[in-house]
Amino acid sequence: MKLFLVASLAILVLASSSYQSEDTYKACHNNFEIGPNICAKFNFISSEEAVKKGCVTPTNGTTFYDLSDLPQAHIQPNTATMASLITNVFEDGDVHFAFASCNDIRDMRGFTSGYAGFTTGTGDSESLIESFTSFRPNNKLAPFLSNIHEISQLPHCDRRSRGGTSKLKGYCEAWRQEACDKNSGFSQLQKDWVFKNYMIPSARYAAQSGIYSPLGQAIFYDVIIQHGFQYVEPDINIVRVLTLTGPRAPEETEQSFLKRFLTTRRELQCCYPDNVWPASATRSEDFLSLVENFEYNKNLDVPIKLNNFERTVTGHEDFNKDIKRCI
Ligand SMILES: *[C@@H]1O[C@H](CO)[C@@H](O)[C@H](O)[C@H]1NC(C)=O
């Protein structure tokens with residue numbers, strides 16, 4: 001999870017030009033100016049200290065929060081499609097699903113690849129490739145499983161080693177080939193896996209706050225894709241954003257709650273002490289403009305404009321293959 005291709009690329013481009021850092025963080029101005037006003041409540045220290053502080057060891061065999069107390073939730077097919085497209089624009093810059101992407105984006109999570117930014121350092125690539133191998137034993141990624149299992153055994157605090165890619169030579173090429181092979185089922189599996197493991201949990205967190213609109217569900221999905229729901233990363237995760245937002249009052253509208261939720265998230269993105277997260281505050285800003293016009297956008301049945309990314313999502317896109325990376 002958590003890919004920042006767009007953000008990292010923006011940093012690379014800007015770093016090599018003469019831009020000031022404040023221009024890099026387009027969505028961190030006015031009420032979101034980086035400073036103690038909005039940042040003190042997060043208690044972020046330097047990024048290295050934050051990593052240390054965030055070093056929690058799993059004790060119950062999972063790195064994820066327990067969801068059993070959350071209500072069940074249903075997602076309409078159109079909502080699933082639109083939410084996926086919106087998040088893909090934020091993550092990859094356009095509406096073409098990045099099934100075949102694969103890069104080491106140097107965020108200490110190993111290779112980041114595919115539709116939802118599966119990473120070799122956090123266990124989701126491992127889980128995906130395991131299920132792929134169970135129905136397609138001779139796939140080109142299966143040979144990497146034993147090295148990925150080794151990575152998963154490393155202590156969570158040892159991010160440098162968990163993010164290592166030196167034992168995974170050829171992984172990205174294998175990933176691309178399987179994702180581009182239309183008979184392998186790998187791209188469909190990526191979608192199904194994300195639906196079950198991220199989209200449904202995100203809708204259950206939304207339901208916990210009484211959020212059922214398609215736009216609200218899309219917002220929760222994007223938050224869980226970017227921030228996760230792992231208690232081993234206590235600085236940033238959906239539960240922390242919800243806690244800092246505070247519960248939804250009985251008379252509070254969905255629109256008002258979503259504004260508060262996105263405001264907290266945007267502050268958190270702006271305040272995080274690295275140069276990847278603040279750049280990504282543009283996605284919260286785009287969601288805030290959609291929520292501003294809640295009645296019009298709430299069902300995601302109109303063209304959805306993402307201003308910062310200069311893209312409009314309609315739901316009629318071709319989303320079965322990665323037309324950018326596969327010929
Ligand atoms: C695992 O334990 C952690 C820490 O106590 C807890 O926050 C989390 O909800 C638990 N996860 C599950 C799936 O039980």
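Helices (H or I, at least four residues) and strands (E, at least two) are DSSP runs, numbered from the N terminus. The structure in the viewer is a predicted model, in which local features need pLDDT of at least 70 and side-chain atom pairs count only at pLDDT 80 or more, while totals for chains, interfaces and linings use all residues. Residues are numbered from 1 along each chain as its sequence is written, and side-chain values use heavy atoms, with hydrogens and water left out.

**First stop: Pro-71**

Select Pro-71, which is found in the loop between α4 and α5. Its relative accessible area is 33%, so Pro-71 is partly exposed (buried means under 20% relative accessible area, exposed over 50%, partly exposed in between, with a 1.4 Å probe and protein chains only).

**Second stop: α5 and α11**

Now select α5 (77-92) and α11 (214-227). These two helices, α5 and α11, pack with their axes 9 Å apart and at an angle of about 45°. That angle makes α5 oblique to α11. Axes are lines fitted to C-alpha atoms, for helices over the stretch in contact, and angles run from 0 to 180 degrees between N-to-C directions. Angles under 35 degrees count as roughly parallel, over 145 as roughly antiparallel, 65 to 115 as roughly perpendicular and the rest as oblique. The crossing of α5 past α11 is right-handed (left-handed if the near helix is turned anticlockwise from the far one by less than a right angle, right-handed if clockwise).

How many cavities of 30 Å³ or more does a search of the whole structure find? The search finds two. On a 1 Å grid over the protein atoms alone, a cavity is a set of points where a 1.4 Å probe fits but cannot get out, and lining residues have an atom within 4 Å of a point. Grid points are joined across faces, edges and corners, and a volume is the space filled by probe spheres set on the points.

Begin with the second largest cavity, which holds about 60 Å³ of space. Ten residues line it, and Ser-84, Thr-87, Asn-88, Tyr-115 and Tyr-221 lie nearest its centre. The helix α5 gives the most to this lining, with four residues. By type, the lining of the second largest cavity has six nonpolar residues, three polar and one charged (Ala, Val, Leu, Ile, Met, Phe, Trp, Tyr, Cys and Pro count as nonpolar, Asp, Glu, Lys and Arg as charged, and the others, Gly among them, as polar).

Move to the largest cavity, with a volume of about 150 Å³. Select Thr-122, His-156, Arg-159, Arg-162 and Glu-233, which lie nearest its centre among 13 lining residues. This lining divides into four nonpolar, five polar and four charged residues.

Select Arg-109 in the loop between β1 (102-104) and β2 (111-113). Is Arg-109 buried or exposed? With 8% relative accessibility, Arg-109 counts as buried. Its C-alpha atom is separated by 6.0 Å from that of Thr-119, ten residues apart along the chain.

Asn-43 lies in the loop between α3 (36-39) and α4 (47-53). Its phi is positive, about 55°, although Asn-43 is not a glycine. Asn-43 counts as exposed, at 52% relative accessibility.

Finish at Glu-310, in the loop between β4 (304-306) and β5 (311-313). Glu-310 has a positive phi near 50° and is a residue other than glycine. With a relative accessible area of 69%, Glu-310 is exposed.

Methods: 1 Å grid on protein atoms, 1.4 Å probe; cavity = no way out; pocket = protein on both sides within 12 Å on 5 of 7 lines; lining within 4 Å.
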